[in-house]
Amino acid sequence: MASKAAASAIELDVGDRTIRISNPDRVYFPETGATKLDLVQYYLSVGDGIVRALRDRPCMLHRFPKGLAGAKVHQKRLPAGAPDWINTVRVFFPRYSRHADELCVDELADVIWAVQMSTVEFHPWNSRAADTESPDEWRIDLDPMPDCPWSRVQRVACVAHEVLDELGAVGWPKTSGGNGLHIYVRIAPNWGFKEVRRAALAFAREVERRAPDDVTTTWWRKDRDPKMLFVDYNQNARDHTIAAAYSVRGVPTATVSTPIHWDEIPDVDPRDFTIKTVPARFAELGDLHEGIDDAVFDIDQLLEWADRDKVDADLDQETDLDED
């Protein structure tokens, strides 16, 4: 429920919190005319889904203080001025020998406050606050190179699904909000980032073996065929994040990283999922990732594949994880 708080602001009741939204009419997406308030209302409409995707995870924010027409800010630390009910989790960055207190979502009001602070995209870690060094989410990023057709992404998704089924793992697909697809698998937090990344590379190599004309696992971008699809296992490295399920993307059309059913993949067009269309889909279907925490996979077999394929040697050659 909104009430006028000032000529340039409104107040919204979100659960038990009241959040002041300044400049609600500021246009964030010039191509469509969508405003800051439109963005807030979108996140309210998918509340259960976005909270499930972010809950208890360190979260980097992609902020656009002036909308997409202005500069983009990659924010690891919680923005200044946060109310005392906003939770954070402290994480360490060895490369810089520094800590950061990142947003740690517990309720929908946390999300809406972040949007008030000009956040468009939410990029959570694949580990949780209880043990930030032990991932509980394995992320499969089907990342098309510049000349890779969408039909190739669709084919490779089907191959990935086949391998997951054979492993006994439940994959939860979503559009990336761009040109690719993401598949999440819930895992027990029994391994560190290095082991999860080894498992992810072993899986990627298996997909590559089955679809050699479509897939590459070559690390250096300059060495990849621009028509191929890269299975980006490196998204499981420490402090590498991708847009959460239900996160809006900072692109002119305001696309959304949207959970989908496996049987939608042959016909899906990721451009159809935007802040205008996803609320009705969510109202009809609910959160398609609702059961993700109930389907926990043991990566031991993937680690056996990693040993078989000697993937440590490959990972050791990758000296700059920020290359991509």
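Helices H4 and H5 are oblique to each other, a word for angles that are not under 35 degrees (roughly parallel), over 145 (roughly antiparallel) or 65 to 115 (roughly perpendicular). The axes of H4 (residues 150–167) and H5 (residues 193–210) cross at roughly 120° and come within 10 Å. Axes here are lines fitted to C-alpha atoms over the stretch in contact, with angles from 0 to 180 degrees between N-to-C directions. On the H4 side, the contact includes Val156, Val159 and Ala160, while H5 brings Phe203, Glu206, Val207 and Arg210; contact means heavy atoms within 4.5 Å.

A word on the model: it is predicted, with local features needing pLDDT of at least 70 and side-chain atom pairs 80 or more, while totals for chains, interfaces and linings use all residues. Residues are numbered from 1 along each chain, and side-chain values use heavy atoms, without hydrogens and water.

Now let's visit two residues. Buried means under 20% relative accessible area, exposed over 50%, and partly exposed in between (1.4 Å probe, protein chains only).

| Residue | Relative accessibility | Class |
|---|---|---|
| Glutamate 137 | 4% | buried |
| Threonine 274 | 12% | buried |

Glutamate 137 sits in strand S11 (residues 137–144); strands are DSSP E runs of at least two residues, and helices are H or I runs of at least four. Its side chain joins that of arginine 186 in a polar contact of 2.7 Å, meaning a pair of N or O atoms within 3.5 Å, one able to donate a hydrogen and the other to accept it. Threonine 274 lies in the loop between strand S15 (229–231) and helix H6 (278–285), and the residues it touches include Thr253 and Pro279.

How values were computed:
Lists of a residue's contacts leave out its neighbours within four places in sequence.
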